[in-house]
Amino acid sequence: MKKMLLEDYRPQLECVRAERKITKAKFPVIDIHTHMGKLVMGKKYKDLYDTKSHIKKLNDLNVEHVVNLDGCYGKDFDNMMKKVADYRDSISTFIWIDFSKFGTPEFEKETTEHILSSFHKGAKGIKMWKVISLEYKDEKGNYIRTDDPRMKFVYKLAAKLNLPILIHIADPTAFFKPVDENNERYEELKQNPSWSFCKEGLMSFEELLVMQENMIRNNKKTKFIIAHFGSYAENLDYVGKQLDKYPNMYIDTAARFSELGRVPYSARKFFIKYQDRILFGTDSTPLSYSEYLIAFHFLETFDECFYHHDEKDYPGQGRWYIYGISLPNKVLKKIYSQNAIKLLKLDLKNVV
């Protein structure tokens, strides 16, 4: 037998199994986690897509409303709000916070003004990203912690305005481990070396979870949506215990169907038990739609052994296959839209 590189190994499954063709969601969907302004090849998505066409493609999938997490700040926020102005029934926008002055007297004043101004202009929430604690530093050169007392005013103001904070704190656990023969995401990390956080000086995965819990526990009136299944889709028992302890904590499904689908028995029980606290999300952009069909396939069917990404992206997040959990209609409706409507206080006529 000839030797081959791992990247050239493309096994064809021999197991014969039934597989439904999903073309759209069974019920109307609100996607709580999308991006409409991030950079791609040096250009912003807003320069690469037509909003009307994007909404049309989403509606064809039965996605009736999306939360755009790329509201940014300053002129970028104003430009984004202009771009989506004619689609308020289809798009809600979350703002970012500028941390460049964190630790200075100006930070609290300018950030407060930004949040209030954006709120009055129609912002529906605040988005915070992992770079806050894994890249950004304060005036003393320390990585910024989301449980830092200097962040307290943000959480208090968000609670006062009833603005949920969707926050991405940690990445998959494999991203914090050595990129070697034991790492199940080896190929993905080899292709994207900047995604590895197994580096001296950075907070560990465990430290990030402690920081996350401190933030939620110390700000009980603030509603937190912990992105990517509560930061720990690999450990549903942990996430469940966090939800049990903190009623102000919600989670989204964004970019974690590949994890959830390989533990379908546990995942189905989890979705049913925490059906009021889970929000549908994809982490999608206006340039990609295939993840929606995979998500619907996972949530709506008991189909077995299907791939968790577009086949052209194989091996994607891993060489495993996933299994559907066929949620009851009552649970599916909550996760697809009802939980988001309640949390964001949306008035949508197209979503029942």
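Visitor: Is glycine 318 buried or exposed in this predicted model?
Guide: This is a predicted model in which local features need pLDDT of at least 70, side-chain atom pairs count only at pLDDT 80 or more, and totals for chains, interfaces and linings use all residues. Residues are numbered from 1 along each chain as its sequence is written, and side-chain values use heavy atoms, with hydrogens and water left out. Buried denotes under 20% relative accessible area, exposed over 50%, and partly exposed the range in between (1.4 Å probe, protein chains only). With a relative accessible area of 5%, glycine 318 is therefore buried.

Visitor: With which residues is glycine 318 in contact, leaving aside its neighbours within four places in sequence?
Guide: Glycine 318 belongs to the loop between α12 (290-300) and α13 (329-344); helices (H or I, at least four residues) and strands (E, at least two) are DSSP runs, numbered from the N terminus. Its C-alpha atom is separated by 6.8 Å from that of glutamate 184, 134 residues apart along the chain. Contact requires heavy atoms within 4.5 Å. With those neighbours left aside, the residues in contact with glycine 318 are Tyr307 and His308.

Visitor: Which strands stand at the edges of the open sheet?
Guide: Eight strands make up the open sheet, with parallel pairing and the order β1-β4-β5-β6-β7-β8-β9-β10. Two strands pair if DSSP finds at least two bridges between them. Each edge strand has a single partner, so one side of it is left without a neighbour in the sheet; these strands are β1 (29-34) and β10 (278-279).

Visitor: What is the bridge partner of isoleucine 225 in β9?
Guide: Strand β8 (residues 224-226) pairs with β9 in the parallel sense over three bridges. Within β9, the partner of isoleucine 225 is tyrosine 250.

Visitor: What radius of gyration does the protein have?
Guide: The radius of gyration is taken over C-alpha atoms, and the globule rule is 2.2 Å times the number of residues to the power 0.38. The C-alpha atoms fill a box of roughly 65 × 50 × 40 Å along the principal axes. For 352 residues, a compact globule would have a value near 20 Å, and the protein agrees with this at 20 Å.
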